[in-house]
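Here is a short report on one structure. Please keep the sequence and model in view while reading.

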Amino acid sequence: MSLQELSLYAGVPPSRLATLLATLSAVTGMRAVPVLQHHLVFSPTPAPAPGALHPAIGPAATQLEASRIDVHCDLAPAKGAENADVKSSWTLTIPTIPESGKRNVQVQYINRTTFRPDEQCVTDNTGILFRFLRALDYVYAYDYLERGHLFVYSGMVIIKVTQLSPQSPPKLHEIPVGDEDEHVADTVAQHRDPETAKFLGVWVVHAYVDILTGSESVGDDLEKVRIATERLEALKAEIAGVVELGIPDRGILDPRVQIRK
């Protein structure tokens with residue numbers, strides 16, 4: 001589905017986390033919902049020879065641009081927990097370049113779809129995901145873990161307060177010989193343990209509203225944008241002094257990669 005995401009960001013040191021969570025709990029009237037996700041980032045393969053077609057981005061040229069694909073899933077619940085045997089679905093997100101111009105919130109269009117597990121498959125479907133993206137001429141680049149807290153403000157604004165743990169790609173000697181996609185997937189999945197992962201110190205605050213666009217959209221899109229912007233600005237004002245929400249540098253959110261022949 002196609003979405004228009006309106007958002008604000010901030011960075012918070014660990015020393016201010018408790019105050020921030022208490023403030024968000026008060027303004028939203030809810031307890032934080034735990035967040036624990038595994039993200040895989042895929043990049044398009046290098047461009048083929050001049051004149052050839054690249055399945056993901058079209059005709060090859062001296063320098064081409066294409067977007068990375070971020071794929072994430074909620075990590076399985078602890079053993080013994082209810083629904084612990086339920087398979088996770090992977091969510092594929094393809095962001096576009098953030099819009100420029102003087103705005104009160106960041107605007108970025110994204111495409112998102114769910115890669116559902118095969119009910120007939122008795123093993124994790126990570127290898128299937130790798131092969132699917134390889135068929136689109138995308139390859140695994142790196143991955144990271146994300147943990148933290150989630151709130152909902154005014155019935156519309158999603159607020160995520162999370163830490164990231166960048167994971168180094170598997171070294172060649174760590175990957176068994178055989179089906180490359182399957183073994184890379186298995187190696188990545190087996191070596192990502194949130195209990196032992198090292199997370200970055202800063203906590204990232206991401207407040208956003210996703211608006212459905214395109215043929216699936218119902219109602220006045222401009223009115224939706226107006227209301228979403230107002231809600232984000234209201235949240236910004238309400239928690240000012242605890243954290244200052246704002247618009248980050250566009251380069252940080254730019255998903256493009258340069259492909260050179």
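## Around D70

D70 touches H39, L40, V41, T91, L92, T93 and Y144, leaving aside residues up to four places away in sequence; contact means heavy atoms within 4.5 Å. The model is predicted: local features need pLDDT of at least 70, side-chain atom pairs count only at pLDDT 80 or more, and totals for chains, interfaces and linings use all residues. Residues are numbered from 1 along each chain as its sequence is written, and side-chain values use heavy atoms, without hydrogens and water.

D70 sits in strand β6, residues 69–74 (strands are DSSP runs of E, at least two residues, and helices runs of H or I, at least four, numbered from the N terminus). D70 is buried (under 20% relative accessible area; exposed is over 50%, partly exposed in between, with a 1.4 Å probe and protein chains only). D70 has no salt bridge (a side-chain nitrogen of Lys or Arg within 4 Å of a carboxyl oxygen of Asp or Glu). R112, the nearest side chain of opposite charge, is 8.0 Å away.

## The lining

Residues nearest the centre of the largest pocket are Y9, H39, D70, Y144 and H206, out of 40 lining residues. Strand β6 supplies the largest share of that lining, 5 residues.

## Positive phi

Most residues other than glycine have a negative phi. D137 has a positive phi of about 70°. D137 lies in the loop between α2 (126–135) and β9 (138–153).

S154 also has a positive phi, about 55°. Its loop runs between β9 and β10 (157–167). S154 is partly exposed, at 39% relative accessible area.

Methods:
Lys and Arg count as positive and Asp and Glu as negative; His and the chain ends are not counted. On a 1 Å grid over the protein atoms alone, a cavity is a set of points where a 1.4 Å probe fits but cannot get out, and a pocket is an open set with protein on both sides within 12 Å along at least five of seven lines; lining residues have an atom within 4 Å of a point.
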